Amino acid sequence: MAWNKHRLVTGSKSGKMIQHDVRIPNSIVFTMQEHTQEVCGLSWNNDFTFLASGGNDNLVCIWDLDKNTPRHVLRRHEGAVKA
């Protein structure tokens, strides 16, 4: 999980990520799926404009959370990305 003010992003074993806006009753804003295996790490940059996700599928994704597709996908890791 990663918090950013009223935004909460969660990752799952299936690779699915969900962005929630905790201010509204039906809190799901976006569902994101780029990872094919478990999401192991989520981290915001210093000014909370981008989110990095790492997974057991050896991917790092950089997300602009105004969209539900990654801005960058880094595929050259040789092992799971956990942090």
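**Close-up views of a predicted model**

**View 1. Strands 6 and 7 form an antiparallel pair.** Strand 6 covers residues 51-55 and strand 7 covers residues 60-63, and four bridges join the two. The structure shown here and in the views that follow is a predicted model. One of the bridges sets L51 against its partner W63 in strand 7. The hairpin of strand 6 and strand 7 has four residues between the strands. In this hairpin, N58 takes a positive phi near 70 degrees.

**View 2. Strand 7 also runs antiparallel to strand 8.** Strand 8 consists of residues 70-74, and four bridges connect strand 7 to strand 8. W63 stands opposite P70 of strand 8. The link from strand 7 to strand 8 is a hairpin of six residues.

**View 3. The surroundings of C61 include residues of several stretches of the chain.** With neighbours within four places in sequence left aside, C61 is in contact with E34 and H35, with L51, A52 and S53, and with P70, H72 and V73. C61 is also a member of the largest nonpolar core.

**View 4. Four strands make up an open sheet in the order 1-2-3-4.** The pairing in this sheet is antiparallel. Strand 1 (2-4) and strand 4 (28-33) stand at the edges; each has a single partner strand, so one side of each lacks a neighbour in the sheet. On average, neighbouring strands of this sheet are turned by 15 degrees against each other, direction ignored. Strand 1 is joined by three bridges to strand 2, residues 7-11, and the two run antiparallel. Within this pair, A2 lies opposite V9 of strand 2.

**View 5. The largest nonpolar core contains 11 residues.** Its members are A2, V9, M17, M32, V39, L42, W44, L51, C61, W63 and L65. Two or more residues of this core come from each of strand 5 (39-44) and strand 7. Strand 5 gives the most, with three residues. In soluble globular proteins, nonpolar side chains tend to be buried together.

**View 6. W44 and F48 form a tilted aromatic pair.** One aromatic pair is counted in the model. The centres of the rings of W44 and F48 lie 6.2 Å apart, with 55 degrees between the planes. W44 is buried, because its relative accessible area of 12% falls under 20%. F48 counts as partly exposed, at 40% relative accessibility.

Note on methods
Residues numbered from 1 in each chain as written. Predicted model: local features only at pLDDT ≥ 70, side-chain atom pairs only at ≥ 80, totals over all residues. Heavy atoms only, no water. Phe/Tyr/Trp six-rings, centres within 6.5 Å; stacked < 30°, edge-to-face > 60°. Buried < 20%, exposed > 50% of the residue type's maximum accessible area, 1.4 Å probe, protein only. Pairing = 2+ DSSP bridges. Axes fitted to C-alpha atoms, helices over the stretch in contact; angles between N-to-C directions. Core = buried A, V, L, I, M, F, W, Y, C linked by side-chain atoms within 4.5 Å. Contact = heavy atoms within 4.5 Å.
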